[in-house]
Amino acid sequence: MRDWTTFAARLRAGELPGEAESLALADNRDTAQLAALACELRDQQHGDLVTYSRKVFIPLTHLCRDVCHYCTFAQTPKKIEQPYMPVDAVLELCRQGAAQGCQEALFTLGERPELRYRTARDALSDLGYDSTLHYVAAVAERVLNETGLLPHINAGCMDAAEMAMLRPVSASMGIMLESASTRLCAKGMPHYGSPDKDPQRRLQTLDLAGELAVPFTSGILIGIGETRRERVESLLALRRSHLRYGHLQEVIVQNFRAKPNTLMSNAPEPDLNELLWTIAVARLVFGAHMNIQAPPNLSPGVLPQLVAAGINDWGGVSPLTPDHVNPEAPWPHLQRLANETAIAGKFLEQRLTVYPAYAVQGSRWLDPRVLPAVMQQADAAGFARRDDWVPGEERPVPALESELLNSAGSAVPSAAVAEVIERCRQSQGLGVSDIERLLNARGPDFAAVVAAADELRQQACGDQVSYVVNRNINYTNVCYFKCQFCAFSKGKHSENLRGDPYDISGEEIARRCKEAWARGATEVCMQGGIHPDYSGETYLDILRTVRSAVPDMHIHAFSPLEVMQGAETLGIGVTEFLQRLKAAGLNTLPGTAAEILHDDVRQVLCPDKLNTQQWLAVVEAAHNVGFKTTATIMFGHVDQPAHWAAHLLAIRDLQARTGGFTEFVPLPFVHMEAPMFLRGRARRGPTFREAVLMHAVARLVLHGFIHNIQGSWVKMGREGVAVCLNAGVNDLGGSLMNESITRAAGSDHGQEWSPVAMEAGIQALQRTPRMRTTLYGDVPQERYLAARTAAPLIAVSNAPAGKRQRSKQLLHAVATSAVPAVSRALPERDLYESVVLTASCN
């Protein structure tokens, strides 16, 4: 190529080489030059990650109508025990794989053996299927439904109807093009006598996958007699299809290995330079975004060199089953693979059979019957969940990569992440992309983010860990909003969820407040559903009741949604209503109902609730009136790191204007009873590493803006928040006494963490406990002693709800004339109309 410098600059800028330019690469013998540019492009998009899929290899049938001259996978009927692997054997193998952390079930099989062998036809007839592909569909469906593994189907050439039959039971499919050269199908060549290896037939299958929106895998096999130019022509054929449909999720560069007892047993294998050259050219032809893969078991001892040629993926690796296509080449042990990847300066990350970019756009690329299974296995960025930890369940916390990195992969962050961390230390300006980079940190970047967050926590707060003795009072679980993640509220479509509809009286509110005060509480935290009969006067009555019952109690109450609804029912502005709340005795507000401050997400989670700008406006108005509030984020459902980044930036920007936030509280989504999860429309909450990372990134992004980062022990569990205390957290929130919302969502974590137990847990971590007030002041000694000698709680009484609210005054009822006229004029709503979540107050 005459002007390499200009060519390389264009590729770095995101252009793809033209077809003539790509073909010209066949004459470039400078592998080092090609590989250097390939690595630059790879790193632009994939950074320091090299991925793999943990799989079970299922050889559903070794029978095949083709006779490829290099293949030992295909066998004749006389050489096999049974034509097809029984479904029970497949399921047992998949269950064993699931127990070892596998998430992919790779179906590999010969092509249409029933067209060649009577044995196959008879076996299919006995099984009750018309074709091999019908049997594949049936077995894959059972694997998907009964084991949780995600099928990837390599079934060879298919027509549209056959592919459409397999799409609802597979997360991805694939076919190796191997070569676009028809010359290799001639007599004496490796594909002679194999009708399914006709390049046009295979490329037609590839295009059909694009038309049907199937995440697809393909690639080339090198060293079987093709020329370098033919390799480039094959890559271009794949690229043309991908540019039409965008469905090709990876390109495999596989090197031929000669096998005994084949017609090519004595054929020369491609040398290492040929493999490296082809990998580099594949990267240049496809650009930065494509996933370029080389199987690690076919090149033992030189894996770092493959990384240095431009790959970013190792393909599927099994801890359980052999590579049945290349049985002479065992899989590398996963720890060894991680070590060799680290030697190359990369971090080995686990993915699903469907790549992250396709998983996060699952509504486009996955059948609705497959999408819930993918969401079960995926994290927010579309990578694989590495363990079974979920928020709210009593499970041991898993190890994080900061603990797993070996000496070959020291925790030295990438330059880009290090630069953002430094700007956080200086409280300098950040954009959404900067914060998103931190939230996508993995491997050494993750370790560096956590370490920096802990450093800033130490700098800002020392070794003190604070908490407040409080009581949660959720006065009703009746609500007419339709939040899709809420298991707490009761409405027409949510009676099957935990608990009965209730609405407590003013007397019960007063009783709970008095009991809380006697047990050392300094705060009562109050929120509830939006009962159809509640008005702004309801919230004012609640305040008067609490202030009358316990004059010195700090009242921390009412979400921005409740404030907005209360103002609307009274026909006044938000600011005026906030002033009335303040005059009635409200001290601070919880920054709940924030969920994710990004309207793309809110349209899915809570389409009828206040939007992002309304939430920010209510909170800013509260700050301007003189209230302090908390800030929260409820994450791990349908959101992605870009949404989290926008949320954190919105909070930081508002704090820069008002200074009104006292703390930031990440609230991991508890999925077990959430309606959207039960319908297959949400993930299982954040992974443990995501939950820890959220706390760490919050500390970095909000450094110099919000002093306190709180960990929710109700969501994270006591072991989980202990990890977070070394990742930027300095506060454990409230002791709670009663917790209804997270428990309704299915959490195992308790109703109360007593001050004595909480302090013991803090001290066990060599940290200093500090009982605080809501506003982080010191508590009187009298409160401290009362909290440490508290009597057991009296069981609460939740009175059944009716269409009309129970009075929140200290009277048994309120006369109709006492209700404001604007409230009476509102249309009467059925109690069982809809549902909402009011996020937990910590």
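Reader: Great. What should I know before we start?

Author: This is a predicted model, in which local features need pLDDT of at least 70, side-chain atom pairs count only at pLDDT 80 or more, and totals for chains, interfaces and linings use all residues. Residues are numbered from 1 along each chain as its sequence is written, and side-chain values use heavy atoms, with hydrogens and water left out.

Reader: Okay, the sheet then. In what order do the three strands of the open sheet come?

Author: The order is S18-S10-S19, with parallel pairing. Strands here are DSSP runs of E with at least two residues, helices are runs of H or I with at least four, and both are numbered from the N terminus. Two strands pair if DSSP finds at least two bridges between them.

Reader: And which strands stand at the edges?

Author: Strand S18 (731-734) and strand S19 (768-772) do; each has a single partner strand, so one side of each is left without a neighbour in the sheet. On average, neighbouring strands of this sheet are turned by 20° against each other, direction ignored. Axes are lines fitted to C-alpha atoms, for helices over the stretch in contact, and angles run from 0 to 180 degrees between N-to-C directions.

Reader: How many bridges join S10 to S19?

Author: Five, between S19 and S10 (residues 464-468), and the two run parallel. As one of the pairs, Gln 464 has Thr 768 in S19 as its bridge partner.

Reader: I'm looking at Ser 466 now. Buried or exposed?

Author: Ser 466, which lies in strand S10, counts as buried at 5% relative accessibility. Buried means under 20% relative accessible area, exposed over 50%, and partly exposed in between, with a 1.4 Å probe and protein chains only.

Reader: What is Ser 466 in contact with?

Author: Leaving aside neighbours within four places in sequence, Ser 466 is in contact with Asn 730, Asp 731, Leu 732, Gly 733, Arg 770, Arg 772 and Tyr 776. Contact means heavy atoms within 4.5 Å.

Reader: Nice. And strand S15, how many of its residues are buried?

Author: Seven of the eight residues of S15 (residues 628-635) are buried, so this strand is largely enclosed by the rest of the structure. S15 pairs with S14 in the parallel sense over two bridges, and Thr 588 stands opposite Lys 628 there. Six bridges join S15 to strand S16 (residues 661-668), again running parallel, with Ala 631 opposite Phe 664.

Reader: Switching topic: how many disulfides are there?

Author: The count comes to zero, a disulfide being a pair of cysteine sulfur atoms within 2.5 Å.

Reader: Last topic, helices. At what angle do H18 and H28 cross?

Author: Helix H18 (residues 432-439) and helix H28 (residues 688-701) cross at roughly 145°, and their axes come within 9 Å. Ile 435, Leu 438 and Leu 439 in H18 meet Leu 693, Met 694, Val 697, Leu 700 and Val 701 in H28.

Reader: And H9 with H10, how close do the axes come?

Author: The axes of H9 (residues 228-245) and H10 (residues 272-286) come within 10 Å and cross at roughly 35°.
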